Amino acid sequence: MIVCFKFGFRGDRPIMLTIVKTIKLLDDFHFDAFRNHVKNLSIRSYYPLALVDSIDRKLEADQSTDYLCKAVYTSIDEKSRKKFYQLAHYTFGLTAFLAKNYPDYLQHNISRFQRLINQGDFAKANRLAELLLELSEKIEDFSTQAKILNILGQQSILMESSRQAAVYLQKARIALQHQLTISRLFEHFYNTYHLKEKPGQVDIENNLDFFKKHFDHPSIIVQVSSKCCYCFFLHFHKDDRFFEKETYLLLENIEDQLEKNNYLVFPYLVYFSDRVRFFKLRYQLKALNIKEVLEKSQELWRSDKDILYWNSYINQPEMFMINAEANFYISNYMKAYRDDHQDLMPEDIRERIEQLKQDCKAILDNQQIEQNFTIRYINVTTIYCLLLLVDGKKEALKNAIAILNQTLITYQQISFQAYVDAIYTIMGTAYFCLKNYENVEQNYLRYRKATNKKVTNPVNDMTIHGFYYAAKWISTGREQYARKLKKLIDSAQKDRFSNIRQTLEELCNYYKIPTFL
């Protein structure tokens with residue numbers, strides 16, 4: 001369906017603007033929720049609110065475009081009409097609030113239709129069905145669409161029009177197929193994505209092909225879902241193609257589709273926009289300066305403020321932002337092994353790290369999150385300790401070690417392999433910065449045992465080995481550890497290892513570890 005902003009008639013009625021259809025199809029609860037959202041947006045919300053309040057919610061009420069234009073702008077001329085059409089388009093876009101928080105906001109109209117038919121109000125019921133079908137098609141509410149099409153199909157039989165019934169039922173079948181395809185995409189992805197575990201052995205190409213074949217699907221929701229799963233799959237399985245230009249262009253394409261079609265109703269609790277922004281941030285981190293990193297992270301921080309279900313779940317966009325910044329700082333500002341590290345960190349970075357530590361602490365102090373989202377809670381614990389490591393003060397380093405050791409003890413009955421190597425990486429580095437080289441070795445041996453000598457995250461594995469070899473060289477002076485460290489650095493030639501390679505090179509320079517052997 002195309003939003004019509006021109007004068008026209010369906011029979012003797014004026015063509016109805018999409019925002020008008022929407023308002024007429026909202027029940028009192030969803031209307032109040034939408035109106036309050038529009039009212040509280042900003043100073044710009046005056047005109048959208050005026051439009052919402054000017055629309056007669058009664059199904060039988062017909063209001064011309066000129067009538068609504070005059071109600072909002074007090075005049076009817078070419079300039080006012082142009083502004084009005086833009087306003088109508090913008091205000092309909094604000095239904096993204098309903099799409100994110102109440103994606104089934106049209107469902108109540110099914111029983112509303114049934115009630116009208118049962119009361120003998122045939123004409124009013126069919127006008128409702130007409131509006132409902134048009135709007136559910138536009139926002140890709142396949143469940144509502146299929147239900148009203150099935151009803152209209154059965155009604156056509158009673159009206160002795162079997163051909164029309166077949167048309168309606170065919171469309172209902174297509175809508176249900178689209179809904180099934182969306183479920184299959186998520187099912188396929190979650191069969192390979194396990195939050196509590198590291199990526200397993202899967203046929204990467206077959207999985208990518210499965211998602212890719214839906215890129216040109218007739219449904220925009222299916223297109224976006226398949227593209228997001230494709231990018232998420234690359235990211236989760238640490239495939240180098242995630243950092244290729246083609247992937248970034250795909251992310252931009254997804255973002256463009258989401259912005260242009262923000263009124264679409266994805267499955268409840270699915271919100272791709274923040275994940276796409278996070279993936280773009282991950283892609284750009286190496287090239288961005290610190291100001292841009294902060295700006296991108298804050299964009300993630302601000303973007304989810306109108307999503308209400310974070311009142312009951314852990315706020316993933318907030319975690320994405322904290323995680324992205326923490327990893328940026330550990331890669332660029334972790335100098336705690338140096339005696340002068342406090343002098344090397346810019347004051348604005350130190351202030352930002354303190355703020356992030358407070359944000360993490362607020363999450364960790366929430367007992368509901370610890371009880372209901374244990375794996376995410378462990379993740380935030382790891383991020384918090386990562387920030388303590390960047391902080392670099394002795395008390396901060398000791399605190400990080402104590403917290404992570406307690407985490408390993410407290411949650412030893414829970415599978416959280418996805419974070420085990422990160423925990424040992426932070427502890428090993430902290431021990432090194434405290435010049436506790438014996439515990440660096442003990443931590444290294446614990447890591448090898450915990451992971452069964454399997455490499456799950458190459459960067460973390462390289463970090464643990466690098467600081468272990470450096471600690472052994474410092475404590476024993478044996479050339480074999482200098483040679484192992486040099487070999488490790490020489491093996492880190494891929495772009496994904498650039499940060500740890502630089503850290504290890506700076507470590508060798510500071511401690512004068514010979515790398516020419």
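**A few notes on salt bridges and backbone angles**

1. Let's start with Asp256, which is partly exposed at a relative accessible area of 33%. This is a predicted model, and in it Asp256 forms a salt bridge with Lys260, with the closest N and O atoms 3.2 Å apart. Both residues sit in helix α13, four residues apart, or about one turn of the helix. Lys260 is exposed, with a relative accessible area of 58%.

2. Helix α13 has another pair worth a look. Glu255 makes a salt bridge with Lys280, and here the closest N and O atoms are 2.6 Å apart. Glu255 belongs to α13 and Lys280 to helix α14, so the pair ties together parts that are 25 residues apart in sequence. Both Glu255 and Lys280 are buried.

3. Next comes a link between loops. Lys435 and Asp339 form a salt bridge, their closest N and O atoms being 3.6 Å apart. This pair links distant parts of the chain, 96 residues apart: Lys435 is in the loop between α22 and α23, and Asp339 in the loop between α16 and α17. Lys435 is partly exposed at 42%, while Asp339 is exposed at 64%.

4. Salt bridges with shared partners also join Glu354, Lys357, Asp391 and Lys393 into one network. The structure holds 24 salt bridges.

5. Finally, two backbone angles. Most residues other than glycine have a negative phi. Thr74, not a glycine, has a positive phi of about 65°; this residue lies in the loop between α4 and α5 and is exposed, at 63% relative accessible area. Leu269 also has a positive phi, near 80°. Leu269 is in the loop between α13 and α14 and is partly exposed, at 40% relative accessibility.

Definitions and conventions: Residues numbered from 1 in each chain as written. Predicted model: local features only at pLDDT ≥ 70, side-chain atom pairs only at ≥ 80, totals over all residues. Heavy atoms only, no water. Helix = DSSP H or I, 4+ residues; strand = E, 2+ residues; numbered from the N terminus. Buried < 20%, exposed > 50% of the residue type's maximum accessible area, 1.4 Å probe, protein only. Salt bridge = Lys/Arg side-chain N within 4 Å of Asp/Glu carboxyl O.
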